[in-house]
Amino acid sequence: MKVTFQIQDDSKTVTALPGQSVMEVALANNISGIAAECGGGAICGTCHVKICEKWQDAVGPAEDFEEDLLDCLPDFSSASRLACQVLLTFELDGLEVNVPQAEQ
Ligand code: FES
């Protein structure tokens, strides 16, 4: 399956496996802007991504604990998720996410 990361004006489509988190896919493919400093513990916020609009229903909303952290990020929006908390399923094949921290 594929995941596309939109990074500034560029995009990178990479191969992924169901069960991986979007964060794990990003790290495995050296996606800039996803530091994932806590290793997927949902406590650092450095894996922030924004789910592209057409995928938001399929991905679903953040859990309350996740939203508490996202709320603290300066560029938080309703499309925001922690990449470490988005687990890939076959239904998410072709997922597109934006990496806002790469825009800085
Ligand atoms: S890796 Fe730290 S919050 Fe996702």
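**Hairpin, sheet and cysteines in a predicted model**

In the hairpin formed by E1 and E2, where 2 residues lie between the strands, Gln8 takes a positive phi near 55°. Helices (H or I, at least four residues) and strands (E, at least two) are DSSP runs numbered from the N terminus, and two strands pair if DSSP finds at least two bridges between them. This is a predicted model, in which local features need pLDDT of at least 70 and side-chain atom pairs count only at pLDDT 80 or more, while totals for chains, interfaces and linings use all residues. Residues are numbered from 1 along each chain as its sequence is written, and side-chain values use heavy atoms, with hydrogens and water left out.

**Sheet**

- An open sheet of 5 strands runs in the order E2-E1-E5-E3-E4, and its pairing is mixed.
- Strand E2 (10–15) and strand E4 (80–82) stand at the edges with a single partner strand each, so one side of each is left without a neighbour in the sheet.
- Strand E1 (residues 2–7) pairs with E2 in the antiparallel sense over 6 bridges, and the bridge partner of Lys2 in E2 is Thr15.
- E1 also pairs with strand E5 (residues 95–98), here in the parallel sense over 4 bridges, and Gln6 stands opposite Asn98 in E5.
- Strand E3 (residues 48–51) and E4 pair in the antiparallel sense over 3 bridges, with His48 opposite Leu82 in E4.

**Chain as a whole**

- The chain holds 3 helices and 5 strands, and from the N terminus on its elements run β-β-α-β-α-α-β-β.
- The radius of gyration, taken over C-alpha atoms, is 12 Å, close to the 13 Å that the globule rule (2.2 Å times the number of residues to the power 0.38) gives for 104 residues, so the chain is as compact as a globular protein of that length.
- Along the principal axes, the C-alpha atoms of the chain fill a box of roughly 30 × 25 × 25 Å.
- Among contacts (heavy atoms within 4.5 Å) in the chain between residues at least 6 apart in sequence, 64% join residues at least 24 apart.

**Burial and cysteines**

- The structure holds 0 disulfides, a disulfide being a pair of cysteine sulfur atoms within 2.5 Å.
- Cys52 is in no disulfide, and the nearest cysteine sulfur, that of Cys47, is 16 Å away.
- Cys47 counts as buried because its relative accessibility is 2%, and Cys52 is buried with a relative accessible area of 16%.

How values were computed
Buried means under 20% relative accessible area, exposed over 50%, partly exposed in between (1.4 Å probe, protein chains only).
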